[in-house]
Amino acid sequence: MDKIFKIMAIAAGTLLMVSCGAGKKDKEGAGPALEDRATLITTAEAVRMDVPQTEVYPSTVEAYAINNIAPQTGGRIQSIRADVGSFVGRGQVLAVMDAAQLDQTRLKLVNDSTELARLKSLYEEGGVSKSDYDAAEMAYNVSRRSYNNLAENTYLRSPISGVVTARNYDRGDLYAGQPIFVVQQITPVKLLVGVSETDYTKVKVGNQVEITTEAMPGRVFTGKINKIYPTMDAATHTFSTEILVQNSDRALRPGMFARVKVEFGVNNSIVVPDAAVNKMQGSGQRCVYVVEQDSTVTCTLVTVGRHFDDSYEILEGLGDGDMVATKGSNSLKDGSRIQIAKNN
């Protein structure tokens with residue numbers, strides 16, 4: 001009986017060893033752990049090259065100047081001499097108001113002028129006092145100023161050369177507060193762009209820029225930086241720059257959407273494909289995976305500059321000749337094993 005129990009114990013032990021061995025074999029047969037598997041990637045070499053420092057800013061075409069044409073006081077509109085879309089010259093009469101008050105003021109001016117001439121002759125002969133002559137001269141000057149002011153507000157002239165963009169009254173209407181005309185100067189036109197504060201020292205008055213519009217695809221307009229605003233927007237960290245375009249053919253019109261291309265010079269920088277640059281989750285930092293000799297990668301933090309075509313300018317973090325992961329880099333982490341694709 002003892003012999004039977006001994007045989008059973010040996011058999012059970014053997015079975016246990018076989019089971020354990022089989023389990024180990026199965027585990028080993030499953031191959032390497034997932035974390036030890038190599039990630040298939042493509043690579044590119046970081047190269048140093050000249051990178052144009054170019055930025056394109058959205059903007060809207062604006063009139064260089066806008067004038068609201070209106071009289072100083074109310075009155076009946078006697079005639080209208082322009083319409084929306086009319087191109088008018090500086091000093092051109094656009095509307096005439098009722099001239100009754102102007103006629104009265106003209107009559108007074110003529111009388112004051114005549115009286116002044118009479119008293120001047122008497123004063124030179126000693127016939128009147130200087131105070132009487134001075135009073136007559138003051139009365140004439142007041143009448144002259146009143147007449148000139150009324151003339152300006154009766155014959156309404158455009159102070160600029162431009163195009164009429166609004167007309168709010170017809171002949172015979174009583175002026176009631178709105179401008180009779182709105183005239184916009186469109187030769188030249190201007191555009192405002194918000195430039196990043198990092199480029200503040202690179203912007204100079206007189207620098208040329210290129211402007212394109214959706215309304216005229218394929219046509220490039222040349223402008224120049226006319227004014228740099230002295231303060232920055234604390235929220236956006238940008239400063240306004242005024243671009244002037246001569247627009248001699250009047251092709252650009254206020255309200256058009258435009259893109260302004262500004263050149264800030266050229267930097268000699270490291271460049272890598274944009275597929276190599278990964279944004280780290282939870283932060284604004286960028287990482288490039290540098291390929292090491294032991295077929296692993298190192299996550300290297302970089303500072304990016306301009307993005308152009310399908311490449312990034314790298315300002316800090318990489319050296320000329322560094323081999324970086326491109327396709328498949330978004331599946332990597334620091335220290336990952338990699339396998340470079342044969343058709344890299």
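Select Phe239 to begin: at 0% relative accessibility, this residue counts as buried. The model on display is a predicted one.

**An edge-to-face pair**

Because the ring centres of Tyr200 and Phe239 lie 4.9 Å apart with the planes at 85°, the pair is edge-to-face. The two residues bring distant parts of the chain together: Tyr200 belongs to the loop between β10 (181-196) and β11 (208-213), Phe239 to strand β13 (residues 238-245), and 39 residues separate them. Is Tyr200 buried or partly exposed? With a relative accessibility of 37%, Tyr200 counts as partly exposed.

The structure holds 3 aromatic pairs. For another of them, select Tyr123 and Tyr133, which are stacked at 5.1 Å centre to centre, with 10° between the planes. This pair also links distant parts of the chain, since Tyr123 lies in helix α2 and Tyr133 in helix α3, 10 residues apart. Tyr123, at 31% relative accessibility, counts as partly exposed, whereas Tyr133, at 13%, counts as buried.

**Along helix α3**

Next, select residues 130-154, which make up helix α3. The helix has 25 residues, and from its first C-alpha to its last it reaches 36 Å, close to the 36 Å expected at 1.5 Å a residue. Which residues of α3 are buried? They are Tyr133, Ala136, Ser143, Tyr147, Leu150, Asn153 and Thr154. To see what covers these buried residues, display β7 (93-97), α2 (100-125) and β8 (155-157), which are included in that cover.

How many bridges join β5 to β7? There are 3, and the two strands run antiparallel.

**A charge over a ring**

For the last stop, select Arg250 and Phe87. The charged end of Arg250 sits over the ring of Phe87, 3.9 Å from the centre of that ring.

Methods
Residues numbered from 1 in each chain as written. Predicted model: local features only at pLDDT ≥ 70, side-chain atom pairs only at ≥ 80, totals over all residues. Heavy atoms only, no water. Helix = DSSP H or I, 4+ residues; strand = E, 2+ residues; numbered from the N terminus. Expected span 1.5 Å × (residues − 1). Buried < 20%, exposed > 50% of the residue type's maximum accessible area, 1.4 Å probe, protein only. Contact = heavy atoms within 4.5 Å. Phe/Tyr/Trp six-rings, centres within 6.5 Å; stacked < 30°, edge-to-face > 60°. Lys NZ or Arg CZ within 6 Å of the ring centre and 35° of its normal. Pairing = 2+ DSSP bridges.
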